[in-house]
Amino acid sequence: MEMPELTVKDIALSVVFTAITFVFTTIITISTPATHGFINIGETGVYLAALIGGPIVGAIAGGLGSALADLALGYAIYAPGTLIIKSVEGFLAGYLSRVLIKSGRAIKVLLANIVAGIIIFFLYLMAKGGITLKFKVFGKAIELSISFEVVMVIATLLGIVMVTLALIGKFYSDLSLACLISGVEMVYGYYLYETLIFGAKIALIEVIPNFIQPIAGIIIAVPLVATLLEMGVNVDIGRFISEVSEAKKTSS
């Protein structure tokens with residue numbers, strides 16, 4: 001697939017989805033005192049921008065909207081990392097969704113297995129001693145210990161979900177798989193960023209909780225995009241779905 005060019009429409013959509021990403025990131029937050037960070041549902045805005053506007057819009061809105069939210073909520077220490085990590089996430093969600101729609105099932109399954117292997121391998125290396133999660137919800141401190149075995153079960157389930165999405169082969173599963181893969185980049189991107197600032201042991205605290213964000217984003221964003229397509233709204237990803245549908249009709 002050729003790299004997209006930035007158009008006036010892209011600029012307008014970037015402005016709109018930067019605001020949408022900002023709102024989704026700030027509307028629900030759960031703080032993690034150990035890392036001075038927070039868990040949110042901002043991926044919803046990132047994925048909407050990427051699927052509706054394309055990879056460039058996803059990158060701009062994902063990076064700017066999320067970084068501005070960090071600044072507004074008092075998490076300025078994360079803003080530089082967020083700008084890069086969420087920009088890459090938005091670009092990947094937009095780019096991969098279009099690539100996967102046009103790809104055969106074998107390629108999707110191969111990619112899903114590779115990323116699933118990465119999830120399991122790195123969680124195995126990182127979480128050998130288990131993970132202790134510390135949150136602050138409505139001012140109340142919550143502590144939860146997760147054993148190594150449970151961490152590996154979670155990692156395996158994520159892998160199974162990815163492979164299942166690849167096997168389904170429908171447009172909504174392709175979009176979900178693309179977003180989940182981009183979400184993996186986000187999770188490990190923050191792990192590396194927090195490791196540089198706080199050290200690997202503290203950075204590990206947010207790895208499992210951070211997987212909640214792409215899952216929540218997929219649950220909200222993909223059905224919404226599917227609904228817009230059914231309504232006949234001019235969504236960018238719809239063009240790629242139509243091209244594939246026409247190609248199948250021609251070949252059959």
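**Exercise 1. Determine which residues of helix α2 are buried.**

Solution. The buried residues of α2 are Glu-43, Thr-44, Gly-45, Val-46, Tyr-47, Leu-48, Ala-49, Ala-50, Leu-51, Ile-52 and Gly-53. Here, buried means under 20% relative accessible area, exposed means over 50%, and partly exposed lies in between, with a 1.4 Å probe and protein chains only. Helices (H or I, at least four residues) and strands (E, at least two) are DSSP runs, numbered from the N terminus. The helix is thus mostly covered, with 11 of its 11 residues buried. Gly-54 follows α2 and has a positive phi, near 105°.

The model is predicted: local features need pLDDT of at least 70 and side-chain atom pairs count only at pLDDT 80 or more, while totals for chains, interfaces and linings use all residues. Residues are numbered from 1 along each chain as its sequence is written, and side-chain values use heavy atoms, with hydrogens and water left out.

**Exercise 2. Find the salt bridges of the structure and state which helices they link.**

Solution. Step 1: apply the criterion, a side-chain nitrogen of Lys or Arg within 4 Å of a carboxyl oxygen of Asp or Glu. A search of the whole structure finds 2 salt bridges.

Step 1: take the pair of Glu-43 and Lys-86, whose closest N and O atoms are 3.2 Å apart. Glu-43 belongs to helix α2 (residues 43-53) and Lys-86 to helix α4 (residues 79-102), so that distant parts of the chain, 43 residues apart, are linked. Both Glu-43 and Lys-86 are buried.

Step 2: take the pair of Lys-108 and Asp-174, with 3.1 Å between the closest N and O atoms. Because Lys-108 lies in helix α5 and Asp-174 in helix α7 (residues 171-198), the pair ties together parts that are 66 residues apart in sequence. Lys-108 counts as buried because its relative accessibility is 5%. Asp-174 is also buried, with a relative accessible area of 2%.

**Exercise 3. Describe the surroundings of Val-57 and of Ile-237.**

Solution. Step 1: Val-57 has its place in helix α3 (residues 55-73). Its relative accessibility is 0%, and therefore Val-57 counts as buried. Leaving aside neighbours within four places in sequence, Val-57 is in contact (heavy atoms within 4.5 Å) with Asp-10, Leu-13, Ser-14, Phe-17, Ala-49 and Gly-62. The C-alpha atoms of Val-57 and Gly-90 are separated by 7.8 Å, although these residues are 33 residues apart along the chain.

Step 1: Ile-237 is placed in helix α11 (residues 236-251). Ile-237 is buried, because its relative accessible area is 0%. Not counting residues up to four places away in sequence, Ile-237 touches Leu-51, Ser-97, Arg-98, Ile-101, Leu-175, Val-225 and Leu-229. Between the C-alpha atoms of Ile-237 and Ser-97, 140 residues apart along the chain, the separation is 7.9 Å.

**Exercise 4. State where His-36 is found and give its phi.**

Solution. His-36 is found in the loop between β1 (29-32) and β2 (37-40). Its phi is near 55°, a positive value in a residue other than glycine. Most residues other than glycine have a negative phi. His-36 counts as partly exposed because its relative accessibility is 49%.

**Exercise 5. Summarise the protein chain as a whole.**

Solution. Step 1: the chain has 11 helices and 4 strands. The radius of gyration (taken over C-alpha atoms) is 18 Å, close to the 18 Å that the globule rule (2.2 Å times the number of residues to the power 0.38) gives for 252 residues, so the chain is as compact as a globular protein of that length.

Step 1: of the 252 residues, 50% count as buried. The chain exposes about 11800 Å², of which carbon and sulfur atoms supply 71%.

Key
Areas by Shrake-Rupley, 256 points an atom, 1.4 Å probe, with all protein chains shown as cover.
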